[in-house]
Each structure stands twice: as structure tokens, then as C-alpha cells.
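Please keep the sequence and the model at hand while reading the points.

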Amino acid sequence: MAASMLLAACGGSDDGGGDGDTTVVTVWDRAGAEADVRAPFFEEWNETEGADLGIEVEYVPQAIDRYEELINQGFQTGRAPDIFHGPSSQIGAYVAAGWVAPLDGLIAEETLASAEQFLPDTSELVWGGQPYAIPTTTFSNRLMINRAVFEEAGLDPDDPPQTFSEVEEASQQIAENSGGEVYGTALPIAWVGFRDWFVDLHVMASNPDLTQNGLFNIATGEFESQQYQEVMEHYRTLLEEGWAFPGASTMDISGAVSAFAEGEVGMLMGSSGTTSAVHALNADIDLAAGPIPVADGTELVRSPMNAGFPYSISSTAEDQEAAATVLEVIAGTEMQSALAEGGVPPASQDAWEVAVEANPLLEEFTINETDEQWPKKPGGVIPVEGATATEAIEQILLEPSTDIATELDALQQRYQEAWDRGIEQELFDPEEFMR
């Protein structure tokens, strides 16, 4: 399927367009709420501003789970798009491969300036001091609460649990009150983003110097994978006690969102982007939200967030100027307003009120002083031998006989050795990942 989509979706930067005067700029995106907004936007843009500029956008949402593999295939076969949405965690790899162009001097200064707060040197989108992608949405993270479920169980949705033990107590009360028909939460372990959004965030929230994927400390240059211990024990408790929705080993994020929206679970870790999926289900849900729960005995010091859906210009784009024009549109105020009107959380806080009006669930995710853009992580670029952090976490949760401390010690050693080996072999600049 990926190969057929690749052949169907790719196009050159220059196309006759019938009269020889039209430049076709191909844009790849991941299918979803954002694409549902961008597709009609570009249909209209092609007929108006695009026609005046002699540019036609071929906008191609990709309805495929392994979207990153499709991007890799595109570049490896010489059939890459001109512009593409690249997951933040992969931008460093694309830079190293020479697949993306630096944006300084390529797109308008005011466009970059509009995203300046999300583009510090520690950002996953900035390498060697150069931005290689520009974000278009804002994904703040909270513990989502289904008010009806909480109230039915005798819990106060305006006093949400803030520690692991409080989450467990609330989950037990929900399950027991419902006679096992409703669960405390859902753990979509089969989802590709489970480690990033359901595991790492809990640890990072109480540790200001840790990154995702193995828990690298950007102040010391050391991996601290052992700090996964408390969240692993917490999730094991929820699974073993039957307080988490059944089928976690095969559940993806869509299943978890559906269970939450339908009142089958009372709590779900979610981003402002998750509210778009809940909103799209047309569920009659009264949503509350609390801070990211942290381990007992620790305090929340930040709410790691991601200025997401970044877009890059391919280094292989034949007409870089035309591609830059389209990228400026993707990151521009009109597109930000369109996203907001579609209930998608925009990067622009000026458009946030419009987004809340379209999707009232977003009100609980308004950016505050604890929301902090997470830093780039070396765990995604170093050559780790053996099980990755994602694989180790899955094993710990799905194989209860696994000793948590032993597995995490081994994980920390693998990642630290890979980091040290990468520095020795000059595979990357370690300063890119340090505060």
C-alpha cells in the first residue's frame, strides 16, 4: 500500500500545468483533523492566490500508519515531495541525511519570527542554530477528565488526581462504583506514540532537565532511564488490578479516545490535539482537565508540550522559491485562522479564542506558565544496540515477570554506551542536546 501511495502521490516541482506557466508544489501531510482543514483551504487557494502567483499546490494527505516510512521511501527513491509534515522527533535524522533545507534566508523573516518562541536552539526543529521546520499547531498536555464518570463515582472533577497514587485511587473508585463496567483510564500501548505521550511526559513533568526517549539529562549528558521506574510500577498496577480499559496491548490512540468519549473510562492523558479527535466524534461530553500526574513525593515543575505539525522544505525541491511561498502560506495567519475555525489548536495564540469557539474542549488546554516546549532528544539519533526504550517499556508492561529495575538499568547502559560511542565516532555534535 505504501508503495502504491508513493507512486500516486509524488510529483515534480515543475509541471506544465497545461500552459507551461504553472509550478506545481507537492505537499505531503498525515491524514487527520489538520489535513481536513488544509485540503479545502488549498483547493480555494489554488483558484485564487495560487493562480495569480502561477503556483498550484498538490496537497496529498497520507492515510497510513507508518507515515515516516513513506517519507523515507520518497527520499530514498528520488520521489520526495517538495514540502512535507515531518514528525518533530525525526527532523534531526532528516537534517543528517541532507533531505531538508535550512529555512533562514529561504522563507520570510516575519514567518520565522511568528514561531520564534518555539524555535530555541534546543528545539527538535533547530540544528546547528538553523531552523529546518516550522510548527503550525500547539499541543499542550493535560489529564482529561470525563465529568459525568467522575461525578457518578462520587469524585470531584474539579479536584483531579495529581499523583500516581491519586490516579490509582480514583481508578479503583470508578471501577468499583460501576461494577466493572467503567474503567479509570485507558493505556494505548500499541500506539506508536505511547512512550512519548503516555510515559515520558509523566517523568519529564517533575524533572526539568530530562528529554524523551530514554530520559537523557540535558544538563549532565547522562541517560537516567531508571527514572521510568515509578511510572512503570504505576501502569502495572492499573493493568493488574483491572482498572485500565481491557485490551491495552492491542489498543491504539483512536480506541482510547473512543472509550473516553463514550464514558467507558474516566481519565485519559491527552493533548490539545486529542480534543480534536474527541470533538470529531460528536460525543456529548463535559470535559475537565488537570495537570499531568507525577510520581508520589515529586512535584510538577513543567508541562512538556510540543509545537507540532512542523513542515519542512525538501532539499530536492526543484523550485525552492515556490516551495518557500507555499510554506509561508502553511504557517501563515490565514491558515492559522482556518485551523482554529476547524477546532484544531493553532500555534498562534491570537487565534486561540477562535479555536475554543469552534471546539470548546480546547478551553482546558489554554497555554499557561507551566507549558514548556520539550527539547530535542538524542535517543532518536544515536545507534542503540538491542531493545529501544519503546521496546523495553512494552516488555515491562506486557510481560509482568520482567524485573523493572533490571531492565531499566540495562536500558540506561545501552543508551549511554550508544551516546558515548556516537561522540567518539563524531556521529553528532553533543552540544546540540545540552542546555
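The points below cover the sheets, a helix pair, the cavities and a pocket.

1. Basis. The model is predicted; local features need pLDDT of at least 70 and side-chain atom pairs count only at pLDDT 80 or more, whereas totals for chains, interfaces and linings use all residues. Residues are numbered from 1 along each chain as its sequence is written, and side-chain values use heavy atoms, with hydrogens and water left out.

2. Four strands form an open sheet in the order 2-1-3-12, and their pairing is mixed (two strands pair if DSSP finds at least two bridges between them). Helices (H or I, at least four residues) and strands (E, at least two) are DSSP runs, numbered from the N terminus. Strand 2 (55-62) and strand 12 (311-313) are the edge strands, each pairing on one side only. On average, neighbouring strands of this sheet are turned by 20 degrees against each other, direction ignored. Strand 1 (residues 23-30) runs parallel to strand 2, with eight bridges between them; Val 25 stands opposite Val 57 in strand 2. Helix 2 (residues 33-47) packs on the sheet and touches strand 1, strand 2 and strand 12 (contact means heavy atoms within 4.5 Å). The direction of helix 2 makes about 160 degrees with that of strand 2.

3. Strand 6 (residues 141-146) is joined to strand 10 by four bridges in the antiparallel sense, and Asn 146 stands opposite Leu 287 in strand 10.

4. Helix pair. How do helix 16 and helix 17 run relative to each other? The axes of helix 16 (residues 389-398) and helix 17 (residues 404-424) come within 11 Å and cross at roughly 175 degrees. Axes are lines fitted to C-alpha atoms, for helices over the stretch in contact, and angles run from 0 to 180 degrees between N-to-C directions. The two helices, helix 16 and helix 17, are therefore roughly antiparallel (angles over 145 degrees count as such). Among the residues that meet are Ala 392 and Ile 396 in helix 16 and Leu 408 and Leu 411 in helix 17.

5. Cavities. A cavity is a set of points on a 1 Å grid over the protein atoms alone where a 1.4 Å probe fits but cannot get out; lining residues have an atom within 4 Å of a point. Two cavities of 30 Å³ or more are counted. The largest holds about 100 Å³, and of its 15 lining residues the closest to the centre are Leu 143, Thr 185, His 202, Tyr 235 and Met 269. The second largest cavity has a volume of about 40 Å³; its lining includes Glu 124, Trp 127 and Lys 376. A volume is the space filled by probe spheres set on the grid points, which are joined across faces, edges and corners.

6. Of its 18 lining residues, Ser 114, Ala 331, Thr 333, Gln 336 and Ser 348 are the closest to its centre. Helix 6 gives the largest share of this lining, three residues.

Key. On a 1 Å grid over the protein atoms alone, a cavity is a set of points where a 1.4 Å probe fits but cannot get out, and a pocket is an open set with protein on both sides within 12 Å along at least five of seven lines; lining residues have an atom within 4 Å of a point. Angles under 35 degrees count as roughly parallel, over 145 as roughly antiparallel, 65 to 115 as roughly perpendicular and the rest as oblique.
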